[in-house]
Every structure is written in C-alpha cells, then in structure tokens.
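Dear colleague,

Please find below the structure that I am handing over to you. My findings follow directly after it.

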Amino acid sequence: MARRGDTYASFADLARCETLGRDYEILSRPGSTSVAIIAPHGGRIEAGTTTLADAVAGNRHSFYTFRGIKPSGNAALHITSHRFDEPTGLGIVGKAEVAVALHGHHDRVDDTIFIGGKNETLKQKIRAALTGSGFKAEMAARSGLQAVHPLNLCNRCRSGRGIQIEITRALREKLYD
C-alpha cells in the first residue's frame, strides 16, 4: 500500500505503469570509496537533487539517482524512502558502508538544511561542516524527515546507519541562481 500522498507503494508498482526512458531514468556509477551519494527523488520529482548528488559524489563516491523526466506530473513517481526498492539503487546502497541521500524539502521560504538518518556521529560532522560553510543546518525534528526507519533507503547500507539531507526548495533555488 502506498503512503498517503504516494501513487505507488513500490518500484514494481511504478514500473507497471510508468516507462523507463520516457517517464523516468536511472543513473548510477561506482566509486572508489565506501560511500554512496544518492538522489532517489531526482530530476523533476525533487528538482536539483540529482545535480547536487552528482556533484557531491564526484569521481570518488558511488552515485545513484532515480530521475523523473516526464513533462509534468513527476510527483507521482515519488516512492517514500522506507518503501523505495528500485533494484539498482538498493544495489548501490547495499555495497556502501554509508549512504547519504539528498532530498528536496518543499519549503519555498526557509533556506534550512535538515539532517536525518541513523548515523549520529556523521550527522554532527555534516551539520558542523555545513554551518561552518555558512549554511543554516539543523537536525531533523519532524518524524517524516528524521530517516530513522531501518528500511529507509539511506539506512540500507552495510552499517545500517545512513544520512538523509533535506534541502529546502528555497535553498535549492538560491544554489542555482
């Protein structure tokens, strides 16, 4: 069953109704570290997250994105993170010691970055690095952003303790200006 607001409960459900190459695409590449940088709601689902994940991964870290490419209606391609089970993404994350998932938060006013996930030490380090670079970053307090569900895609890495970074729409738009 899909979460409230999601059209599809799983990738298999999505793949029965949507077409690879027309409605969505999957991009990935291996890296030389044990870190995976992912954007499971990329392209036109949560705009800018694919580009950011690709830049963060660079040539060192593994990279994965599921990108909505439809002319409109890409929100229908969103599968909530603890139900996200696209096989290529699961493979990339499953080989990594830690996965960092970049997401787009809907807020158009605030330019905060919300940090969630089960890796408490890394969350603190990321927050310190972001605030030290002039960004407004805080630990995710809302349950939907905390990313502590064991099946959340970021936590399906080998350590079982990943990171989810929610970047507001306002900040993503500033980054592209």
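The model is a predicted one, in which local features need pLDDT of at least 70 and side-chain atom pairs count only at pLDDT 80 or more, while totals for chains, interfaces and linings use all residues. Residues are numbered from 1 along each chain as its sequence is written, and side-chain values use heavy atoms, with hydrogens and water left out. Helices (H or I, at least four residues) and strands (E, at least two) are DSSP runs, numbered from the N terminus.

The buried residues of α4 are K123, I126 and L130. They lie on the same side of α4, because they cover an arc of only 70° around the axis (the arc is that of the directions from the helix axis to the C-beta atoms). An α-helix has 3.6 residues a turn, so residues three or four places apart point the same way. The cover over the buried residues of α4 includes β5, β6 and β7, where contact means heavy atoms within 4.5 Å.

Helix α4 (residues 120-132) lies across β4, β5 (112-117), β6 and β7, and runs at about 165° to β5. Axes here are lines fitted to C-alpha atoms, for helices over the stretch in contact, and angles run from 0 to 180 degrees between N-to-C directions. The 13 residues of α4 should span 18 Å at 1.5 Å a residue, and its end C-alpha atoms are 18 Å apart, which agrees (the expected span is 1.5 Å times one less than the number of residues). After α4 comes G134, which has a positive phi, near 95°.

**The sheet**

Seven strands form an open sheet with mixed pairing, in the order β1-β3-β2-β4-β7-β5-β6; two strands pair if DSSP finds at least two bridges between them. The edges are β1 (24-29) and β6 (136-139), each with a single partner strand, so one side of each has no neighbour in the sheet. From one strand to the next, the twist averages 20°. Helix α2 (residues 49-57) lies across β1, β2 (35-43), β3, β4 and β7, at about 165° to β2.

Eight of its eight residues are buried, so β4 is largely enclosed by the rest of the structure. V98, V100, L102 and G104 are buried on one side of β4, and A99, A101, H103 and H105 on the other. Strand β4 (residues 98-105) pairs with β7 (residues 163-168) in the parallel sense over six bridges. Within this pair, H103 has E166 as its bridge partner, and L102 stands opposite I165. Strands β2 and β4 also pair in the parallel sense, over four bridges, with A99 as the bridge partner of A36.

**Nonpolar cores**

A nonpolar core is a set of buried Ala, Val, Leu, Ile, Met, Phe, Trp, Tyr and Cys residues joined through side-chain atoms within 4.5 Å. The largest has 21 residues, of which L14, I38 and F66 touch the most other members. Two or more residues come to this core from each of α1 (11-17), β2, β3, α3 and β4. A second, separate core of 19 residues includes A53, I115, L130 and I167.

With kind regards

Definitions and conventions. Buried < 20%, exposed > 50% of the residue type's maximum accessible area, 1.4 Å probe, protein only.
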